Structures are given as C-alpha cells and as structure tokens.
Amino acid sequence: MEQKFFEIIPHGTKINFMKVAPTFLVLSMISLLISVGLLSTKGLNYGVDFKGGTEVHVRFNEKPTVGKLREALSPIGLKEAMVQEIGEEGSGEFLIRVETVDLNLATHKPELEKAAMKAGGKDAGKARIRFSEDRIYVSYASSIDENKLKEEINALQLPDLEVDSASRFGRATDHEYLVQFAGISTRIIETFHEKFGRTAFEVLQTDQVGPKVGKELRMQAVGAVIIAIIFILIYIWFRFEFEFAPGAIIALIHDAVVILGVFSFLGLQFDLSIVAAVLTIVGYSINDTIVLYDRVRENVKKSKEANFIGTINDSVNQTLSRTILTSGTALIASVALMLLGGPITYNFALAFTIGIVAGTYSSVLIASPVTIYVRKYLQKKRLAA
C-alpha cells in the first residue's frame, strides 16, 4: 500500500530547476560578496569565547534600568562595561560584558612565593609559580594541602586580591595547584549584592576567558571548519567522480559564509556555539547534496549520459519530496528553539535555521549547476587533449 501522505511532490513532476539556476547563481554570488564585504569591514561581534573577557548573565526579580546597573558598577571601575538587556521584555535579564582585566600578579611574585613556600613546608620543596591574568599555577616536589595554600595567600592581604579557590591541576604526579583569584565576575556579583540585595537577582551564567585563550580558540574554530571542508572534498572525490566535488564544496562555503554574513550584519554575538552550528550545517548540507548526487549517478547509468542537464533536473525532482520533508522537519525544530528556547540558545538556533534554508537551497541551485559547468569544462579539456 503506497503512503501518499509522504509524497509532498507528485511523482513525475518536471520542474526545470537548471533553467533558472544561472540567475540564482548570480544572486548567490552577490550574497557571498556582500557577506565577505561585511566580514572584511564590520567583522564579527566575538563573544567571550573568542575575544577574551568576562560575561555575567543575571536575572532580577524587579527590573532595574541599565543606568542603575552602570551606576552600581562605577565604584569598582566598570562604569564603561557593556550592559545589555536580553530576553523577553520585562524579563529582567541582563548581560554584563567586560574585557579581560590583568591582575598583574607577577608584581607580587616575592610575596606569593613566600606564602607558597610556607604552605608547602620543608617536605614539599621549592615552590615554582607560573602567572596568568587572574590565576597562578604552583608546583611542588610533593603533595600539599590546597586549603593551606589558599589561607597563606589570603593572609598576605594583597590589595584587591583575594583567592577564590585553590585546587589540584593536571596529573597527580606533577603536584601542581591552580590558585584562582576572585575575578571580575565575583566583584560584579558582590557589588550587585551590596547594591540590590542578595535575593534581588540570580546569576544564570558566568563565562571568563583570557585573551590568549580566546585567540587560540578563534584559530582552532577556523581550522575546524577548513579541515571539515577538506575531508568532505576528499570524501566526495572518492565516492563519486572529481567533477562532483567542486559543486559540493562551493555550496558548503556558500552556507558557512552566508551565516557569518548575517551575524556580521545583525551584530549578533559569535561564540563557540555558532561554530558548532556552522559545522552541523556543513554536515547537514553535504548529506542533502550526497543524496542528490547518488540519484544523479543512478540516472546517468540508466540514461547512458545522453543528456546530463536533463538527468540533473530529473534527479532534483525525484529527491524533492525527501528534501522538503527532511529540511522541513529540521526547520520546524530550529524555529521552535529560536522562538521558545530563550536568549541562551537564540543565536545558535538562528544560525541553524539560516543554515538549513541555505543548505537546502545550495544543494539544488548551487551544487547541481556547478557540477554541470565542471563536467562541460572537463569534457572540453579531454576533447582538446
């Protein structure tokens, strides 16, 4: 018994996609150029993951004004911090972002070494210290009590420096300890407690990344996308023929760049979750393209390559129901997450939604016509040889 319910596009449909493909290729090229132009001039609004800094997401019971929050942050030198109201109107949710503040811990090296030696005692040997923006790493010859290390450093009563935590770091055999000083996030929260009361708000999320780590994460994110595209190119080349690979790769680049262009244009925060969305879309889009290419390969064998453009058209029409069903269900989920998921998941859901639309479009109207052009070029080259 046939399941007609799942046949969105009637069998035997003959939509001439390749006739309008050149027009859409031009539009795609324009959108790519606009996106690249935005990325080159305006750039991306990097989040804490890539830029480095501190981000605190809070929700107040009674919504204060942005001015009051800035006024509260003024005594600790953060009057110029970015304070942004997010979420639904009246939700009382705010995002406070400040650039990384270097505590200049190295200037207190003699005092810190003395306190670390005292915490370790004679049996632990000499304490070796490595410095970072808001933390230190202390290594010993043997294990020590981390609570003792915290007490000894706090006993120094260094100005504006208080140990938030001391814990083991790395392998147990290294006898290394991470001493985390109270950073900007702690100072922001304590300031709000003093100004508004401890029950007036709740902290939903805090993130803190150093500028060096942020730069490394940017490079790794770019590398992850490039590596994914290279491996997909190799996979398409081996699974099909080389003439299929350029269309698939151009379609993937189109999808990724369009997402980045939209985020640049809207000034939305770009963080690791968006990189995850881009990589997910790369996988989703190539899966849709592979299904189409498989049908093209089958039809080429049946038609004995009599009319490749007609074969491409037939293949697109034959897989159209499947494309609409899979893309449609994924789109419903992503739109629901975007509208109902709240501010934390909004950017990820938006990137995923844009990617689904772009990926479906590029499989049909970019990958397919580019494959036709590449095939014609290779055939001319073979005849000339």
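Val222, Ile226, Ile227, Ile230, Phe231, Ile234, Trp237, Phe238 and Phe242 together make up a nonpolar patch on the surface, with about 960 Å² of accessible area. Patches are built from residues with over 30% relative accessible area and no salt bridge, joining like charges within 9 Å and nonpolar side chains (Val, Leu, Ile, Met, Phe, Trp, Tyr) within 5 Å. Accessible areas come from the Shrake-Rupley method with a 1.4 Å probe, and for residues only the protein chains shown count as cover. The model is predicted: local features need pLDDT of at least 70, side-chain atom pairs count only at pLDDT 80 or more, and totals for chains, interfaces and linings use all residues. Residues are numbered from 1 along each chain as its sequence is written, and side-chain values use heavy atoms, with hydrogens and water left out.

Helices (H or I, at least four residues) and strands (E, at least two) are DSSP runs, numbered from the N terminus. Ile227 counts as partly exposed because its relative accessibility is 47%; buried means under 20% relative accessible area, exposed means over 50%, and partly exposed lies in between (1.4 Å probe, protein chains only).

Side chains of opposite charge can pair when their charged atoms come close. With a salt bridge taken as a side-chain nitrogen of Lys or Arg within 4 Å of a carboxyl oxygen of Asp or Glu, the count comes to twelve salt bridges. In one of them, Glu243 pairs with Arg375, and the closest N and O atoms are 2.5 Å apart. Glu243 sits in the loop between helix 7 and helix 8 (245-266), while Arg375 is in helix 12 (residues 343-384), so this pair ties together parts that are 132 residues apart in sequence. Glu243 counts as buried because its relative accessibility is 3%, and Arg375 is likewise buried, at 9%.

Another salt bridge joins Arg322 to Asp288, with 2.9 Å between the closest N and O atoms. This pair also links distant parts of the chain, as Arg322 is in helix 11 (residues 320-340) and Asp288 is in helix 9 (residues 272-303), 34 residues apart. Arg322 has a relative accessible area of 29% and is therefore partly exposed, whereas Asp288, with 5%, is buried.

Arg295 pairs with Glu298, the closest N and O atoms being 3.7 Å apart. Both residues lie in helix 9, three residues apart, which is about one turn of the helix. Arg295 is partly exposed at 27% relative accessible area, and Glu298 is partly exposed at 41%. Elsewhere, Arg59, Glu93 and Glu202 are linked in a network of salt bridges.

Helix 9 meets helix 10 (residues 308-318) as well: the two axes come within 9 Å and cross at roughly 130°. Helix 9 is therefore oblique to helix 10. Here, axes are lines fitted to C-alpha atoms, for helices over the stretch in contact, and angles run from 0 to 180 degrees between N-to-C directions. Angles under 35 degrees count as roughly parallel, over 145 as roughly antiparallel, 65 to 115 as roughly perpendicular and the rest as oblique. The crossing of helix 9 and helix 10 is right-handed; the term applies if the near helix is turned clockwise from the far one by less than a right angle, and left-handed if anticlockwise.

The backbone has some details to look for too. Most residues other than glycine have a negative phi. Gln157, however, is not a glycine and has a positive phi of about 55°. Gln157 is in the loop between helix 5 (146-154) and strand 7 (163-169), and is exposed, with a relative accessible area of 70%. His175 also has a positive phi, near 55°, and is found in the loop between strand 7 and strand 8 (176-181). In contrast to the exposed Gln157, His175 is buried, with a relative accessible area of 18%.

Finally, two C-alpha distances relate sequence to space. Lys148, in helix 5, is partly exposed at 33% relative accessible area. Lys148 and Ser40 are 108 residues apart in sequence and 51 Å apart in space, C-alpha to C-alpha. Asp255, in helix 8, is buried with a relative accessible area of 2%. The C-alpha atoms of Asp255 and Ala358 are separated by 5.5 Å, although the two residues are 103 residues apart along the chain.
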